[in-house]
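User: I am learning to read protein models, and I would like to go through this one with you, feature by feature.

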Amino acid sequence: MPYRSPANEFRFLMDHVVGFDQVAATDRYAEATPDTCDAIITEAAKLCDDIIAPLQRPGDMHPAKLENGVVRTSPGFGDGFKAIAEGGWIGISADPEYGGMGLPLTLATSVNDMMAGACLSLQLNPLMCQGQIEALEHHASDTIKDTYLPKLISGEWTGTMNLTEPQAGSDVGALRSKAEPKGDGSYAISGQKIYISWADNDFTENVCHLVLARLPDGVPGTKGISLFMVPKFIPNEDGTLGDRNSLRVVSLEHKMGLHGSPTAVMEYDNARGWLVGPEHGGMAAMFTMMNNARVGVATQGVGVAEAAYQHALAYAMDRKQGRAGGSGAIVEHADVRRMLASMKADTFAARAITMANAVAIDMSNATGDAGWKARAALLTPISKAFGTDIGVEVAATGIQAHGGMGFIEETGAAQYARDVRVATIYEGTNGIQAMDLVARKMMDGGDAAVALLDEIEAAAEAAKDTLPDLVEPVWQACESLRETTEWLVGQDMNDRFAGAVPYLRAFARVLGGHYHLTAALQGDETRKRLATFYIKRLLPEHAGLLAHVREGADDLMALSVDDLVA
């Protein structure tokens, strides 16, 4: 079965589950009417189904290559990117002053979800561009904005971000790249970066690199880092392209998946760059891009989960094996039905969390309200970690549903697992997301978390006469999470970190229960049956996860290195 964008799912979530009506009611997003949203989702679905999805297998079988210093991209990717760019999809939420649509991130998230499900390798390119656009909108000078934003939004140029170095992975402050002032407002950038997604291509005029480097007076660590725009070709004052910059793709990484997306080692040798944001303010500017990317990566996980589920469902409905009732296909077997139901229920939960995150960001941008800012910040690590974990788990279950054929590359089931696996690692590993949740996001004493839990319990109370069998377990799970949250904020940081990952997962499980309950209350029996499956079979995992959290760090750290080696 070819991939089909779940357009109706986005309409349902926006209309009934995640509160998008609040976004559309703001002055900033007044143009996001139901008719506009429907048209956007419909057209994006056509693009993904008809143009992007057919590139999924060719990108895997014919990877991007580096030939004589030139990156040659997978067959059809140039035309696919051109269709994305010409449709205006890169700048869907970008500033209209520079050619963007200015629409809510919630809509952009829906479009990115469909593109990721259609072909993750290609979708990664516009996602990187969107992150760079947001960073420039917030931090760049007017000159840089005027030069780069129209070209990035139109898709004439593409963008990357360059953080990681061989000796500096998650510890960004250990970077060695240097920036020397040239005396004319530009800087000479030197250093090597690794894992640079879409570092080059053969279908756009220019590639614009945002590079972290340290000025001569930059102090050690993250506080001494600055951010620079370093283009492949240096723009002239009239906007045309001038000299080739002194940077190059050293090599392309040989990756487990995402073969259609060229991931490069980059070398900068006194390349000309221009400061973005203040001196030594690089991390603040880069975090704008990274937070955008974290929601985007969550969406990638959900999109791949959707595609893997569709693939497995089609196989299960066609494959005849064993003594199954009904159609005689393996979908009639209880365990296969369990796998498919888990895949579908978890995909819905992860998608709802990510969409709710996007709504919170939109409301924060539209209103400046501190409560919405806190909600957006709280949900971002949960979205990123749970969305990508579910992408990996659903893709793996999809292989299992295929049986032996899942291990055969020709079926395409394994590609989803290989492609999405990196999503739990990049933009901050999921362990780092969990540590962020229990540390930085709990600096308010847990107030933002408790405010969200209050809303979940209030919604459950309001529905107790309608669906009591589903309301009670959601309310109880929420209350258990509240108690553990109150315990957690009273612990030292090592105890928090020891239980960070299970805490995030438990939080996501409770959020999933809340959104499934909300969906079930709309009266659709299919939604109710899926919610019942999630709430009765998957939500109970929260109890074991919270027990893990409350053990703290003592027994964990009591396991010595010698114990691990023995």
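User: Which residue takes a positive phi just after H10?

Analyst: Helices here are DSSP runs of H or I with at least four residues, and strands are runs of E with at least two, both numbered from the N terminus. Just after H10, the residue with a positive phi, of about 70°, is Gly 368. This is a predicted model, in which local features need pLDDT of at least 70 and side-chain atom pairs count only at pLDDT 80 or more, while totals for chains, interfaces and linings use all residues. Residues are numbered from 1 along each chain as its sequence is written, and side-chain values use heavy atoms, with hydrogens and water left out.

User: How many residues of H10 are buried?

Analyst: Buried means under 20% relative accessible area, exposed means over 50%, and partly exposed lies in between (1.4 Å probe, protein chains only). In H10, 26 of the 34 residues are buried, so the helix is largely enclosed by the rest of the structure.

User: What does H10 reach from its first C-alpha to its last?

Analyst: The expected span of a helix is 1.5 Å times one less than its number of residues. H10 reaches 49 Å, close to the 50 Å expected.

User: Where is Arg 248 found, and which residues does Arg 248 touch?

Analyst: Arg 248 is found in strand E10 (residues 247-252), and it is partly exposed, with a relative accessible area of 42%. Contact means heavy atoms within 4.5 Å; leaving out residues up to four places away in sequence, Arg 248 touches Val 265, Met 266 and Glu 267. The C-alpha atoms of Arg 248 and Gly 69 are separated by 7.6 Å, although these residues are 179 residues apart along the chain.
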